[in-house]
Amino acid sequence: VAPSPLSVVTRMLAAGRILFGLFPLSLAALGFVHCLRLCRPGNDPREITQSATALVFPIVAIFNAAGIIWMTLQVPVPSYMKASYFLVSMPAAAAFVALGTNSIEGKTSMRIAVASAVGTLAVLSAADVLHIALSFH
């Protein structure tokens, strides 16, 4: 087996970012489920028109993902630009994270864990940028 071309520091930082990046992803998944619950009339004391407005975010996210998958199947060439097409779904992702964060509002220990994980993720990302910048010398 050939040795990895990546340094140990790069692999450790990448592993940490993946591990701690699962916390915001789980908040977004929780928010997505919560948003789908809000879309069903009767699950909420709101009117049906207010429930229908919550449906916009899942529709945007699902159709955007489906369009990118369809485009990938039509042109099976790896492209770094395909990730930028998900920028259209950023408002939906922000709404999902907000709803996920709102659902853990009363759980102090869970809020501390998520805040610590997001803070650690930011520190690991900054360390990775510094590692890249310092590796050019």
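Student: What secondary structure does the chain have?

Tutor: Five helices and zero strands. Remember that this is a predicted model. Along the sequence the pattern reads α-α-α-α-α.

Student: How much of the chain counts as buried?

Tutor: 20% of its 137 residues.

Student: And the contacts, what share join residues at least 24 apart?

Tutor: 63%, taken among contacts between residues at least 6 apart in sequence.

Student: Which residues make up the largest nonpolar core?

Tutor: There are nine. They are Ala28, Cys35, Leu38, Cys39, Ala54, Ala61, Ala92, Phe96 and Leu99.

Student: Switching to H1 and H5. How do their axes cross?

Tutor: At roughly 145°, and the axes come within 9 Å. H5 covers residues 108–134.

Student: Left-handed or right-handed?

Tutor: The crossing of H1 and H5 is left-handed.

Student: Which residues of H1 and H5 meet there?

Tutor: From H1, the list includes Val9, Leu13, Arg17, Phe20 and Leu27. From H5, it includes Val114, Leu121, Leu124, Asp128 and His131.

Student: How does the contact of H1 with H5 split by class?

Tutor: 12 nonpolar residues, six polar and two charged.

Student: Now salt bridges. How many does the structure hold?

Tutor: One. The side chains of Asp128 and Arg17 form that salt bridge, at 2.4 Å from N to O.

Student: What does the pair tie together?

Tutor: Asp128 lies in helix H5 and Arg17 in helix H1, so the pair links parts that are 111 residues apart in sequence.

Student: Asp128 first. Buried or exposed?

Tutor: Buried. Its relative accessibility is 12%, and the cut-off for buried is under 20%.

Student: What else does Asp128 touch, leaving out residues up to four places away in sequence?

Tutor: Leu13, along with Arg17. Leu13 is also among the H1 residues that meet H5.

Conventions: Residues are numbered from 1 along each chain as its sequence is written. This is a predicted model: local features need pLDDT of at least 70, side-chain atom pairs count only at pLDDT 80 or more; totals for chains, interfaces and linings use all residues. Side-chain values use heavy atoms; hydrogens and water are left out. A nonpolar core is a set of buried Ala, Val, Leu, Ile, Met, Phe, Trp, Tyr and Cys residues joined through side-chain atoms within 4.5 Å. Buried means under 20% relative accessible area, exposed over 50%, partly exposed in between (1.4 Å probe, protein chains only). Axes are lines fitted to C-alpha atoms, for helices over the stretch in contact, and angles run from 0 to 180 degrees between N-to-C directions. Helices (H or I, at least four residues) and strands (E, at least two) are DSSP runs, numbered from the N terminus. A crossing is left-handed if the near helix is turned anticlockwise from the far one by less than a right angle, and right-handed if clockwise. Contact means heavy atoms within 4.5 Å. Ala, Val, Leu, Ile, Met, Phe, Trp, Tyr, Cys and Pro count as nonpolar, Asp, Glu, Lys and Arg as charged, and the others, Gly among them, as polar. A salt bridge is a side-chain nitrogen of Lys or Arg within 4 Å of a carboxyl oxygen of Asp or Glu.
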